[in-house]
Amino acid sequence: MPAYAIIGGQWGDEGKGKVVDLLSADAHVVARFNGGNNAGHTVITDAGEFKFHLIPAGILRPECTCIIGNGVVVNPDSFLEEVAGLRERNVSVDRLVISDKTQVIMPYHTLLDALEEEARAATGKAIGTTGMGIGPAYMDKAARSGIRMADLLDEEALLKRLSFVLEQKNAVITRLYGKEAVSLEETYERCVEWGRGLKPFIRPVEPILQQAFAAGQRVILEGAQGTLLDVDHGTYPYVTSSSPTVGGACAGLGISPRHVQAIAGVYKAYTTRVGGGPLPTELNDEIGEFIRQRAWEYGTTTGRPRRCGWFDAVAARYSASINGVTSAILTRLDVLDGISPVRICVAYKLGGETIHDFPTDASRLEACEPIYEDLPGWEKATASARSMDALPPEAVNYLKRVEELIGCSIDMVSTGPGRDEAIIVKPIFQS
Ligand code: GDP
Ligand code: IMO
Ligand code: MG
């Protein structure tokens, strides 16, 4: 019966990959439900470092079936490259499945992502997308002009559909942006090749999930991005184009919310953001730089420096409530070792007023100034700690205050990037 959702509680890169890998030791299925290769999920095991963009982080567990759901947008080249990389490292991909309903990121999506960003940048409003074609692919899905995995397998029908869609795309590419039209022949040939390469992975995934639930197996729903990047609930328009929240998990896999037994919100002990958009607690000073260097806060997908700031409890409480988080998981506590005081944003000042609710409207949030509470830092290292007893009292105090502020218990604390560097306060799987 149970599904367990692992959801990013901030602006992405919270450490979801590490958490999913750790928890998938006790799971049968791990399923991605949103985003595409804009995601970068890092896992470190004895076999070294793995960076997953599309493949669920459960793939390193030989017992786990890994699913890419209908809510994901897949760049076939990126997927096949990841598969090849895993095979080279002797990781089996036999249990890897892509839903036949999953949308394909086409070459014209990547092109349009760049052109749209260029146009936005000219008005000073670039989103700072990853450039992977994510927005244009989801636009086509909603416009009912998308190409799905199943379409790649029906070569004759594909040609007809692609001719129609490309005519529309080329009108925009040539007339609006003044660029060269995309070739139908080349695009079609690429799709046919992709279809042949992807065929062994494409299948309806609903029966696999239903069978898992019927057999009482554990299913992990692996979120990409974070709640504050959600297309509806994030800091619009500085968001991604999918739904990284728990609601997106049900829609993005075709499962009933009745199956979701626990919702784990993953939070960093501080805050980061890549790309444009408001970040009230941003540190444009030596502490921000210190955190960036110590934690190597550079994007897993694009290599861009991540903007760093203090923990924002207003934003975290908001994302906990949007998702109905049942367990908070705090990662990268060790990064704060030796910093004193540690600050937590507990409210905002907006137009002379103190506000406690998170304004998702980007211009309102941009005008917010953080109100901080200072807590004493800790000298003794938390790095690699595996029990609460091993933490210095100031670090325990910090965790307690974060819990109080976000209104949810912290059931796991990650104290390093390695698989076993974690404190399990309370089991995340409750059955
Ligand atoms: P994701 O997108 O949420 O999976 O996160 P990323 O993989 O993009 O970024 C998280 C980074 O933090 C990765 O480099 C992880 O190896 C690393 N990491 C995860 N947990 C911890 C932790 O507790 N401490 C430290 N120092 N690093 C961590
Ligand atoms: P994971 O799963 C952090 C950000 C981009 C940009 C915005 C829109 O690793 O946490 P997009 O290419 O999606 O249209 O870009 O969203 N973004 C992420 N930031 N982690 C991610 O994924 C992200 N995926 C997208 O930087 O600001
Ligand atoms: Mg990431």
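The backbone nitrogen of Ala-224 sits 2.9 Å from a polar atom of the Asn-34 side chain. That is from a predicted model, as is everything else I will show.

Let me stay with Asn-34. It belongs to the loop that runs between strand E2, residues 29-32, and strand E3, residues 41-45. Is Asn-34 buried or exposed? With a relative accessible area of 1%, Asn-34 is buried, because the cut-off for that class is under 20%. Leaving aside neighbours within four places in sequence, its contacts include Gly-71, Val-72, Tyr-138, Glu-222, Gly-223 and Ala-224. Ser-242, Ser-243 and Pro-244 are also among them.

Next, the magnesium ion, ligand 3. Which residues coordinate it? Asp-13, through OD, and Gly-40, through its O, at 2.1 to 2.2 Å. Asp-13 is in the loop between strand E1 (3-8) and H1, and Gly-40 is in the loop between E2 and E3, so the pair ties together parts 27 residues apart in sequence. Asp-13 is partly exposed, at 22% relative accessibility, whereas Gly-40 is buried, at 12%.

Last, Asp-21, in helix H1, residues 16-23. Asp-21 is buried, with a relative accessible area of 1%. The side chains of Asp-21 and Arg-419 are joined by a polar contact of 2.8 Å. Not counting residues up to four places away in sequence, Asp-21 also touches Val-43, Thr-45, Ala-57, Leu-60 and Arg-61.

Notes
Residues are numbered from 1 along each chain as its sequence is written. Chains are lettered from A and ligands numbered from 1 in the order in which they are written. This is a predicted model: local features need pLDDT of at least 70, side-chain atom pairs count only at pLDDT 80 or more; totals for chains, interfaces and linings use all residues. Side-chain values use heavy atoms; hydrogens and water are left out. Helices (H or I, at least four residues) and strands (E, at least two) are DSSP runs, numbered from the N terminus. Buried means under 20% relative accessible area, exposed over 50%, partly exposed in between (1.4 Å probe, protein chains only). Contact means heavy atoms within 4.5 Å. A polar contact is a pair of N or O atoms within 3.5 Å; within protein, one must be able to donate a hydrogen and the other to accept it, and residues adjacent in sequence count only if both atoms are side-chain atoms. Donors are N, O and S atoms within 2.8 Å of the metal (3.2 Å for Na, K and Ca); water is not among the atoms, so sites may look incomplete.
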